[in-house]
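Hi,

Here is the structure I promised to pass on. Have a look, then read my notes below.

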Amino acid sequence: VVVVVVVRMLDLLLDPEIRLWVVLPIIIITFCVGMCKTYIISLIQSPPTLDKKTTSERQLLQRSALLRGHGKFIPRSSFEARREYFSGEEGVLTKMKEDNKSATPPNPMQDPSMMTNMLKMQVVNYIPMVVVVGIINWIFAGFVIIKVPFPLTIAFKPMLQRGVELSSLSASWVSSMSFYVTCVVGLRGLNTMLLGNADALDPTAMMKQQQQSMAMQPTAIGQLASSEVDNLTSASHDGVAEDEEELWKQLMTMWNSN
């Protein structure tokens with residue numbers, strides 16, 4: 001014997017004043033908190049420490065990579081002169097490889113400024129959220145404020161009706177607490193468009209960056225220089241032209257065709 005129990009979901013008629021006194025305040029509170037968090041993070045975040053020697057070495061590696069990728073647009077003599085400057089016996093990358101042969105790569109997780117910035121971002125992200133959740137629960141507890149314009153199954157009730165324990169209420173109705181959580185995620189794009197700092201408002205992106213930093217193995221600058229010297233030495237010059245006049249003609253032809 002199969003017994004089928006049909007439960008008729010309760011439908012509601014909301015007061016129009018809820019839009020003005022509940023929905024709009026939650027949206028304004030969420031947007032203002034996100035804006036304040038962005039400004040606070042920009043104020044308390046320590047600027048990255050830049051070493052002149054390391055910055056110069058990184059730029060030399062980038063210039064060498066640009067020569068390998070775009071060397072065909074310069075004459076062969078110019079390409080060979082630049083390759084000799086970078087990877088010759090007295091080249092800057094060759095000297096860099098010898099100077100940093102025994103250097104150990106820096107561990108980014110041992111940088112105190114990076115760890116401090118991560119801690120600051122966690123504090124600024126989570127403490128306001130806990131405070132605002134408490135305020136929403138205190139002021140707007142038990143409010144059912146909006147209804148989604150399509151039917152949902154009962155599995156969505158725990159997600160959309162936090163703080164409202166009514167088994168007969170249709171799953172399409174959204175409580176004030178669930179609406180706040182939706183606003184936190186939905187208004188992140190608006191805050192990013194206006195303020196431009198997306199990762200500061202996204203705890204998921206922040207945690208992903210932390211995991212990538214911990215999983216990433218740092219590479220010594222000597223190993224990078226050695227690899228770049230080998231790549232540049234074996235690079236071939238497939239020039240588009242051998243003289244400068246023909247080169248400029250072909251460049252202008254490519255420009256006009258685009």
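**What turned up**

Leu-119, Val-123, Ile-127, Val-131, Ile-135, Trp-138 and Ile-139 make a nonpolar surface patch of about 710 Å². Patch residues have over 30% relative accessible area and no salt bridge, and nonpolar side chains are joined within 5 Å; a salt bridge puts a side-chain nitrogen of Lys or Arg within 4 Å of a carboxyl oxygen of Asp or Glu. Ile-127 sits in helix α5 (residues 112-139); helices are DSSP runs (H or I, at least four residues), numbered from the N terminus.

Before you read on: this is a predicted model, with local features needing pLDDT of at least 70 and side-chain atom pairs pLDDT 80 or more, while totals for chains, interfaces and linings use all residues. Residues are numbered from 1 along each chain as its sequence is written, and side-chain values use heavy atoms, without hydrogens or water.

Next, Arg-83, in helix α3 (residues 76-87). Arg-83 counts as buried because its relative accessible area is 14% (buried is under 20%, exposed over 50%, partly exposed in between, with a 1.4 Å probe and protein chains only). Arg-83 touches residues including Leu-67, Leu-232 and Thr-233, contact being heavy atoms within 4.5 Å. A polar atom of the Arg-83 side chain lies 3.4 Å from the backbone oxygen of Thr-233.

As for disulfides (cysteine sulfur pairs within 2.5 Å), the whole structure has zero. For Cys-36, the nearest cysteine sulfur is that of Cys-32, 6.5 Å away. Cys-36 is partly exposed at 42% relative accessibility, while Cys-183 is buried at 7%.

Cheers

Conventions. Patches are made of residues with over 30% relative accessible area and no salt bridge: like charges are joined within 9 Å, nonpolar side chains (Val, Leu, Ile, Met, Phe, Trp, Tyr) within 5 Å. Accessible areas come from the Shrake-Rupley method with a 1.4 Å probe; for residues, only the protein chains shown count as cover. Helices (H or I, at least four residues) and strands (E, at least two) are DSSP runs, numbered from the N terminus. A polar contact is a pair of N or O atoms within 3.5 Å; within protein, one must be able to donate a hydrogen and the other to accept it, and residues adjacent in sequence count only if both atoms are side-chain atoms. Lists of a residue's contacts leave out its neighbours within four places in sequence.
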